[in-house]
Amino acid sequence: MTQAPASVVVNLPLRQRPIDIFFAVMFTIFIVTSSIADMLPTLGVDFTQPNGTFLVDSNYWYAHDADPLFMNPPVWMRIVTGLSAFAYLAFYLVLVPSLIKGWNRIQLPAVIYATMIASITGIIVFGVEFFGEPEFQTQNPAKFLAFNLPYVLIPLLLLIRMRKPLPFTRKF
(Lines give C-alpha, C1' and ligand atoms only; values in the text may rest on other atoms or scores of the structure.)
Protein backbone atom coordinates (compact mmCIF):
# COMPACT_ATOMS: atom_id res chain seq x y z
CA MET A 1 0.00 0.00 0.00
CA THR A 2 1.21 3.43 -0.87
CA GLN A 3 0.39 6.39 1.26
CA ALA A 4 -0.90 9.56 -0.28
CA PRO A 5 1.64 12.36 -0.08
CA ALA A 6 1.11 14.74 2.80
CA SER A 7 -0.48 17.96 1.72
CA VAL A 8 1.95 20.81 1.48
CA VAL A 9 0.98 24.09 3.12
CA VAL A 10 1.60 27.04 0.87
CA ASN A 11 1.83 30.37 2.62
CA LEU A 12 1.17 33.63 0.84
CA PRO A 13 4.31 35.65 0.15
CA LEU A 14 4.88 38.52 2.57
CA ARG A 15 4.04 41.14 -0.06
CA GLN A 16 0.52 39.65 -0.20
CA ARG A 17 0.20 39.85 3.60
CA PRO A 18 0.43 43.60 4.32
CA ILE A 19 -1.04 43.12 7.80
CA ASP A 20 2.00 41.00 8.68
CA ILE A 21 4.32 43.77 7.46
CA PHE A 22 2.42 46.17 9.75
CA PHE A 23 2.74 43.73 12.67
CA ALA A 24 6.46 43.18 12.00
CA VAL A 25 7.05 46.95 12.12
CA MET A 26 4.95 47.44 15.26
CA PHE A 27 6.49 44.54 17.17
CA THR A 28 9.97 45.74 16.18
CA ILE A 29 9.04 49.05 17.81
CA PHE A 30 7.81 47.07 20.84
CA ILE A 31 11.26 45.43 21.05
CA VAL A 32 12.81 48.87 21.42
CA THR A 33 10.24 50.18 23.89
CA SER A 34 10.39 47.04 26.03
CA SER A 35 14.14 47.43 26.21
CA ILE A 36 14.08 51.16 26.94
CA ALA A 37 11.01 51.72 29.06
CA ASP A 38 10.14 48.55 30.93
CA MET A 39 13.68 47.57 31.87
CA LEU A 40 14.16 50.58 34.18
CA PRO A 41 11.32 50.03 36.68
CA THR A 42 11.93 46.29 36.57
CA LEU A 43 15.54 46.78 37.66
CA GLY A 44 14.58 49.43 40.20
CA VAL A 45 16.21 52.37 38.39
CA ASP A 46 14.96 55.65 39.85
CA PHE A 47 13.50 57.95 37.22
CA THR A 48 11.40 60.14 39.49
CA GLN A 49 13.66 63.05 38.53
CA PRO A 50 15.53 63.69 35.27
CA ASN A 51 19.29 63.21 35.59
CA GLY A 52 20.67 63.86 32.09
CA THR A 53 20.65 60.18 31.12
CA PHE A 54 18.58 59.46 28.01
CA LEU A 55 16.77 56.41 29.42
CA VAL A 56 15.99 58.02 32.78
CA ASP A 57 14.95 61.33 31.20
CA SER A 58 12.76 59.58 28.62
CA ASN A 59 10.94 57.56 31.25
CA TYR A 60 10.59 60.63 33.47
CA TRP A 61 9.19 62.72 30.61
CA TYR A 62 6.56 60.08 29.91
CA ALA A 63 5.64 59.09 33.46
CA HIS A 64 5.83 62.29 35.53
CA ASP A 65 2.35 63.46 34.51
CA ALA A 66 0.83 60.44 32.79
CA ASP A 67 1.75 57.27 34.64
CA PRO A 68 2.36 57.43 38.40
CA LEU A 69 1.94 53.65 38.64
CA PHE A 70 4.85 53.19 36.24
CA MET A 71 6.97 55.88 37.92
CA ASN A 72 6.52 54.50 41.45
CA PRO A 73 5.71 50.84 40.81
CA PRO A 74 4.60 48.56 43.60
CA VAL A 75 6.08 45.07 43.47
CA TRP A 76 3.23 43.67 41.37
CA MET A 77 3.78 46.40 38.74
CA ARG A 78 7.50 45.59 38.63
CA ILE A 79 6.45 42.03 37.80
CA VAL A 80 4.29 43.39 34.96
CA THR A 81 7.18 45.50 33.60
CA GLY A 82 9.49 42.52 34.09
CA LEU A 83 7.21 40.41 31.90
CA SER A 84 7.48 43.07 29.22
CA ALA A 85 11.21 43.60 29.62
CA PHE A 86 12.09 39.91 29.50
CA ALA A 87 9.27 37.52 28.49
CA TYR A 88 7.47 39.72 25.95
CA LEU A 89 10.80 40.97 24.59
CA ALA A 90 11.93 37.39 23.97
CA PHE A 91 8.59 36.65 22.32
CA TYR A 92 8.90 39.71 20.04
CA LEU A 93 12.33 38.51 18.94
CA VAL A 94 10.69 35.27 17.73
CA LEU A 95 7.44 36.85 16.51
CA VAL A 96 8.97 39.35 14.09
CA PRO A 97 10.86 36.76 11.99
CA SER A 98 7.83 34.44 12.25
CA LEU A 99 5.63 37.12 10.71
CA ILE A 100 8.14 37.88 7.97
CA LYS A 101 8.89 34.25 7.10
CA GLY A 102 5.35 32.95 7.64
CA TRP A 103 6.08 30.43 10.40
CA ASN A 104 2.59 29.10 11.19
CA ARG A 105 3.82 27.53 14.46
CA ILE A 106 3.79 31.01 16.03
CA GLN A 107 -0.01 30.90 16.13
CA LEU A 108 -0.47 29.36 19.60
CA PRO A 109 2.26 31.44 21.30
CA ALA A 110 0.76 34.55 19.66
CA VAL A 111 -2.69 33.71 21.00
CA ILE A 112 -1.29 33.12 24.49
CA TYR A 113 0.70 36.39 24.37
CA ALA A 114 -2.21 38.48 23.08
CA THR A 115 -4.58 37.08 25.69
CA MET A 116 -2.04 37.67 28.45
CA ILE A 117 -1.18 41.24 27.54
CA ALA A 118 -4.81 42.21 26.95
CA SER A 119 -5.68 40.85 30.38
CA ILE A 120 -2.74 42.24 32.32
CA THR A 121 -2.32 45.59 30.61
CA GLY A 122 -5.80 46.19 29.30
CA ILE A 123 -7.69 45.22 32.42
CA ILE A 124 -5.39 45.43 35.43
CA VAL A 125 -3.05 48.31 34.56
CA PHE A 126 -5.69 50.43 32.83
CA GLY A 127 -8.09 49.68 35.69
CA VAL A 128 -5.62 50.93 38.29
CA GLU A 129 -4.64 53.99 36.20
CA PHE A 130 -8.27 55.07 35.76
CA PHE A 131 -10.16 53.63 38.74
CA GLY A 132 -7.55 52.60 41.31
CA GLU A 133 -6.02 54.33 44.27
CA PRO A 134 -5.74 58.11 43.74
CA GLU A 135 -1.92 58.05 43.93
CA PHE A 136 -1.81 55.71 40.91
CA GLN A 137 -4.45 57.37 38.74
CA THR A 138 -3.21 59.10 35.61
CA GLN A 139 -3.39 62.88 35.58
CA ASN A 140 -2.99 62.94 31.80
CA PRO A 141 -5.32 60.31 30.28
CA ALA A 142 -4.66 61.39 26.67
CA LYS A 143 -0.89 60.96 27.02
CA PHE A 144 -1.32 57.72 28.95
CA LEU A 145 -3.62 56.26 26.28
CA ALA A 146 -1.48 57.53 23.39
CA PHE A 147 1.49 55.61 24.76
CA ASN A 148 -0.27 52.53 26.15
CA LEU A 149 -3.31 51.79 24.01
CA PRO A 150 -1.20 50.40 21.13
CA TYR A 151 0.14 47.74 23.54
CA VAL A 152 -3.40 46.45 23.96
CA LEU A 153 -4.92 47.12 20.53
CA ILE A 154 -2.05 45.72 18.42
CA PRO A 155 -1.99 42.41 20.36
CA LEU A 156 -5.79 42.17 20.07
CA LEU A 157 -5.45 42.63 16.30
CA LEU A 158 -2.77 39.93 16.33
CA LEU A 159 -5.20 37.68 18.22
CA ILE A 160 -7.79 38.24 15.49
CA ARG A 161 -5.10 37.59 12.86
CA MET A 162 -4.19 34.27 14.50
CA ARG A 163 -7.82 33.15 14.99
CA LYS A 164 -7.63 30.23 12.54
CA PRO A 165 -4.98 27.59 11.82
CA LEU A 166 -2.32 28.33 9.23
CA PRO A 167 -2.58 32.13 9.49
CA PHE A 168 -0.03 32.83 6.79
CA THR A 169 -2.03 31.02 4.12
CA ARG A 170 -4.52 33.93 4.06
CA LYS A 171 -4.34 37.72 3.97
CA PHE A 172 -6.14 38.24 7.29
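Me: Okay, my notes say a pocket is an open set of grid points with protein on both sides within 12 Å along at least five of seven lines, and that lining residues have an atom within 4 Å of one of those points. Which residues lie nearest the centre of the largest pocket?

Reply: Those are T33, A37, D38, N148 and Y151, out of 24 residues that line the largest pocket. Keep in mind that this is a predicted model.

Me: How much space is in the largest pocket?

Reply: About 560 Å³.

Me: And which helices supply at least two residues each to the lining?

Reply: The list is α1 (18–43), α2 (54–66), α4 (75–101), α5 (107–131) and α6 (141–148). Helix α4 gives the largest share of the lining, with six residues.

Me: What's the lining like: how many nonpolar, polar and charged residues?

Reply: It splits into 14 nonpolar, eight polar and two charged residues.

Me: Let me zoom out. How many helices and strands are in the chain?

Reply: Seven helices and zero strands. Reading from the N terminus, the order is α-α-α-α-α-α-α.

Me: What percentage of the residues is buried?

Reply: 41% of the 172 residues in the chain.

Me: And what share of the contacts joins residues 24 or more positions apart?

Reply: If you take the contacts with a separation of 6 or more, 68% of them are between residues 24 or more positions apart.

Me: Can we look at one residue up close? Where is N59, and is N59 buried or exposed?

Reply: N59 is in helix α2. Its relative accessible area is 3%, and the cut-off for buried is under 20%, so N59 is buried.

Me: What does N59 touch, apart from its sequence neighbours?

Reply: Leaving out anything within four places in sequence, N59 is in contact with I36, A37, L40, P41, F47 and F70.

Me: What about K143: buried or exposed?

Reply: K143 sits in helix α6. Its relative accessibility is 12%, so K143 counts as buried.

Me: Who is K143 in contact with?

Reply: Skipping neighbours within four places in sequence, K143 is in contact with W61, Y62, H64, D65 and A66. K143 and D67 are 76 residues apart in sequence, but their C-alpha atoms are 8.9 Å apart in space.

Me: New topic: rings. How many aromatic pairs are there?

Reply: Counting rings whose centres lie within 6.5 Å, you get 19 aromatic pairs. Take Y88 and Y113: their ring centres are 5.4 Å apart and their planes are at 85 degrees, so this pair is edge-to-face.

Me: Why does that pair tie together parts that are apart in sequence?

Reply: Because Y88 lies in helix α4 and Y113 in helix α5, so the pair links parts that are 25 residues apart in sequence. Both Y88 and Y113 are buried.

Me: Which residues do ring pairs link into a cluster?

Reply: F22, F23, F27, F30, Y88, F91, Y92, Y113 and Y151.

Me: Now the other end of the scale. Why does P18 count as exposed?

Reply: Because its relative accessibility is 51%, and exposed means over 50%. P18 is in helix α1. P18 and W76 are 58 residues apart in sequence, and their C-alpha atoms are 37 Å apart in space.

Me: And V8, where is that?

Reply: V8 is in the segment before α1. At 70% relative accessibility, V8 counts as exposed.

Me: Last one: what's the phi of L166?

Reply: L166 has a positive phi of about 55 degrees although it is not a glycine. L166 lies in the segment after α7 and is partly exposed, at 36% relative accessible area.

Notes. Residues numbered from 1 in each chain as written. Predicted model: local features only at pLDDT ≥ 70, side-chain atom pairs only at ≥ 80, totals over all residues. Heavy atoms only, no water. 1 Å grid on protein atoms, 1.4 Å probe; cavity = no way out; pocket = protein on both sides within 12 Å on 5 of 7 lines; lining within 4 Å. Points joined across faces, edges and corners; volume = space filled by probe spheres on them. Helix = DSSP H or I, 4+ residues; strand = E, 2+ residues; numbered from the N terminus. Nonpolar A, V, L, I, M, F, W, Y, C, P; charged D, E, K, R; others polar. Buried < 20%, exposed > 50% of the residue type's maximum accessible area, 1.4 Å probe, protein only. Phe/Tyr/Trp six-rings, centres within 6.5 Å; stacked < 30°, edge-to-face > 60°. Contact = heavy atoms within 4.5 Å.
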